[in-house]
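Welcome, and please load the model in your viewer. We will go from one selection to the next, and at each stop I will tell you what is there.

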Amino acid sequence: MIDDGTGLMTIGELARTTGLPVRTIRYWSDEGALPPVTRSAGGYRLYDAASVARLELIRTLRELGLGLDPVRRVLAGETTVAQVAAAHVSALDAQISALRVTRAVLSTVARRGSTAEETTLMNKLARLSTAERRRIIDDFMAEVFEGIDTADPDIRTRLRFAAADLPDDPTPEQVDAWVELAELIQDPGFRATMRRMIEFNAADRGPDVPTGSSLWFVSRLVRLTGEALSEGVAPDSARAADILRVLIGDADPAVVRERLTAVSNVRLARYRELSAIVNGVEPPSAYEERFGWVVAALDARTGS
């Protein structure tokens, strides 16, 4: 403190009082966040006790990550600390979201051993805007349902939900799943598989078939085959033939087998699994063993 009774301090004395480097204080002073109270006869900047309090506030806000411009506005009374903090929280949320995307992409690259081209594609997919992601989903839905007017409306609703968009605050796992899901639904081979399944559904529906009937069939299949498996019924037994009659009625076993094979496709199962992750729900059971039992029973009946 200058020994002249004024209680004013030089930058060096202010640095010793606050523990901040002289260089930092000088920079903040040069940027207008900490203007000197006055200057000495020799031109040195001088500060008072209020400057110490102002300096502590600057340090606190800077340590919280605020830039000098919002700090200056707070000090000038143009805004409040609370308002600046709220804006900074929003900015931090955006940064955290971006970092999650980056982490997810890098984790996927490391796990897959991706090439440079694959890495670029994954990064682009992960960073698509909400509108761009929805365009991918809309294009997928349009292609697989084009011209198929008799498919169960419930299938369209469920498929739309499954072709999920990312939530506003996705986890790295959800970003990772979205990247793989986006690759999958843009793959022509997968789209053809999905369309074939929907065509099968449409071919089975008459004009008076109620919505949700196809899902009711699957539910009944799961129940009946679950009971058969728990009772140890062999797929080539007479009891299995009775169960098939209850399940499929007079339908052609070869046609039913073809449809079940399409529904239990490995890539479709992966699609459902990825969709569950993106939607933040439990992955659905693939019921592989139960579908396999029905296929084996159908094979026994048709002699395949």
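Two residues are in contact here when they have heavy atoms within 4.5 Å. Before we start, note that this is a predicted model, in which local features need pLDDT of at least 70 and side-chain atom pairs count only at pLDDT 80 or more, while totals for chains, interfaces and linings use all residues. Residues are numbered from 1 along each chain as its sequence is written, and side-chain values use heavy atoms, with hydrogens and water left out.

**Stop one: R133**

Select R133, which sits in helix 7 (residues 130–145). Helices (H or I, at least four residues) and strands (E, at least two) are DSSP runs, numbered from the N terminus. Now show what surrounds R133: leaving aside its neighbours within four places in sequence, its contacts are L128, D165, L166 and W178. Is R133 buried or exposed? R133 is buried, at a relative accessible area of 8%. The classes are buried under 20% relative accessible area, exposed over 50%, and partly exposed in between (1.4 Å probe, protein chains only).

Next come the charged pairs. Side chains of opposite charge can pair when their charged atoms come close. The rule for a salt bridge is a side-chain nitrogen of Lys or Arg within 4 Å of a carboxyl oxygen of Asp or Glu, and the count by this rule is 12.

Select D30 and R45, whose side chains form a salt bridge at 2.6 Å, N to O. D30 belongs to helix 2 (residues 22–30) and R45 to strand 2 (residues 45–46), so this pair ties together parts that are 15 residues apart in sequence. Colour the two by accessibility: D30 is exposed at 52%, whereas R45 is buried at 16%.

**Stop three: R223 and E227**

Move on to helix 11 (residues 213–230), where R223 and E227 are 4 residues apart, about one helical turn. Their side chains meet in a salt bridge of 3.7 Å, N to O. R223 is partly exposed, with a relative accessible area of 45%, and E227 is partly exposed at 36%.

Zoom in on R72 and D69, a salt bridge of 3.9 Å, N to O. Both lie in helix 4 (residues 68–75), 3 residues apart, which is about one turn of the helix. R72 counts as partly exposed at 27%, and D69 is partly exposed at 43%.
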